[in-house]
Structure formats: C-alpha cells, structure tokens
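Student: I have a sequence and a model open side by side. Can you show me how to read the main features?

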Amino acid sequence: MDELPLLVGSGDIARALGVTRQAVDHRLRSDPAAPAAAGVVNRTSAWNGTRIWWREDVDRWLNLEPDRWHRLLASTARSG
C-alpha cells in the first residue's frame with residue numbers, strides 16, 4: 001500500500017496529526033484558512049453524510065509532509 005489517498009476524512013486527518021476527530025472537525029469549522037470539503041459521501045435521508053477533502057488541500061493547509069501519510073498507511077496496514 002504505497003499510494004497515498006487522494007481524498008481523506010476528518011478521521012484520517014486526526015490520525016495523521018495524533019489528535020481526536022472532534023478536534024479536527026472544530027478546526028475545520030473555525031479556521032478561515034481551512035479547505036472546503038471536496039464532497040460528502042454516505043449521505044442518506046437520516047444522515048448528513050461524511051465530509052471528505054482533497055489530501056493535497058489538507059497538506060497545504062496544515063503543512064503536512066507526504067511521509068506522515070505513508071507512516072499512517074503503514075501503521076493502518078499492520079493493525080488491519
């Protein structure tokens with residue numbers, strides 16, 4: 001699993017940063033520099049769905065290095 005994801009959710013961002021998903025959601029909603037969501041997946045009549053972002057937009061926003069995502073993918077593969 002060497003390819004980096006193109007789209008990430010708040011849970012992915014939280015794992016990359018080592019914080020809670022709630023902390024990421026708060027920052028995404030309150031930081032005017034935060035990227036807009038690329039879209040929403042899994043939306044139903046009873047659920048607003050899950051917002052997703054382009055990983056490159058998140059990288060620029062948080063100044064993340066691709067190596068951080070590689071480490072996240074490696075740890076997920078080992079635990080999965």
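Tutor: Start with the elements. Helices (H or I, at least four residues) and strands (E, at least two) are DSSP runs, numbered from the N terminus. Here the elements of the protein chain run β-α-α-β-β-α-α from the N terminus on. That gives 4 helices and 3 strands. This is a predicted model: local features need pLDDT of at least 70, side-chain atom pairs count only at pLDDT 80 or more, and totals for chains, interfaces and linings use all residues. Residues are numbered from 1 along each chain as its sequence is written, and side-chain values use heavy atoms, with hydrogens and water left out.

Student: What share of the 80 residues counts as buried?

Tutor: Buried means under 20% relative accessible area, exposed over 50%, partly exposed in between (1.4 Å probe, protein chains only). In this chain, 31% of the 80 residues count as buried.

Student: Which residues have the most contacts inside the largest nonpolar core?

Tutor: In soluble globular proteins, nonpolar side chains tend to be buried together. A nonpolar core is a set of buried Ala, Val, Leu, Ile, Met, Phe, Trp, Tyr and Cys residues joined through side-chain atoms within 4.5 Å. The largest one here has 15 residues, and I13, L28, V58, L62 and W69 have the most contacts inside it. Two or more core residues come from each of α1 (10-17), α2 (21-30), α3 (55-62) and α4 (66-79).

Student: What does L62 touch?

Tutor: Contact means heavy atoms within 4.5 Å. Not counting residues up to four places away in sequence, L62 touches I13, L17 and R27. For the chain, take contacts between residues at least 6 apart in sequence: 57% of them join residues at least 24 apart.

Student: Which residues of α1 are buried?

Tutor: They are S10, G11, I13, A14 and A16. A16 counts as buried because its relative accessible area is 7%. Beyond its neighbours within four places in sequence, A16 is in contact with R68, W69 and L72. The C-alpha atoms of A16 and R71 are separated by 8.4 Å, though these residues are 55 apart along the chain. S10 has 10% relative accessibility, so S10 counts as buried. With neighbours within four places left aside, S10 contacts R21, V24, D25, R51 and W53.

Student: Why does D59 count as buried?

Tutor: D59 is in helix α3. D59 counts as buried because its relative accessibility is 10%. A polar contact is a pair of N or O atoms within 3.5 Å; within protein, one must be able to donate a hydrogen and the other to accept it, and residues adjacent in sequence count only if both atoms are side-chain atoms. The D59 side chain makes one with the side chain of R55 (2.6 Å).

Student: What lies over the face of W61?

Tutor: A charge sits over a ring if NZ of Lys or CZ of Arg is within 6 Å of the ring centre and within 35 degrees of the ring normal. R27 lies over the face of W61, at 5.2 Å from the ring centre.

Student: Where is N42, and is N42 buried or exposed?

Tutor: N42 is in the loop between β2 (39-41) and β3 (50-54). N42 counts as exposed because its relative accessibility is 59%. Check its backbone too. Most residues other than glycine have a negative phi. Phi of N42 is positive, near 60°. A glycine, G18, follows α1 with a positive phi near 75°.
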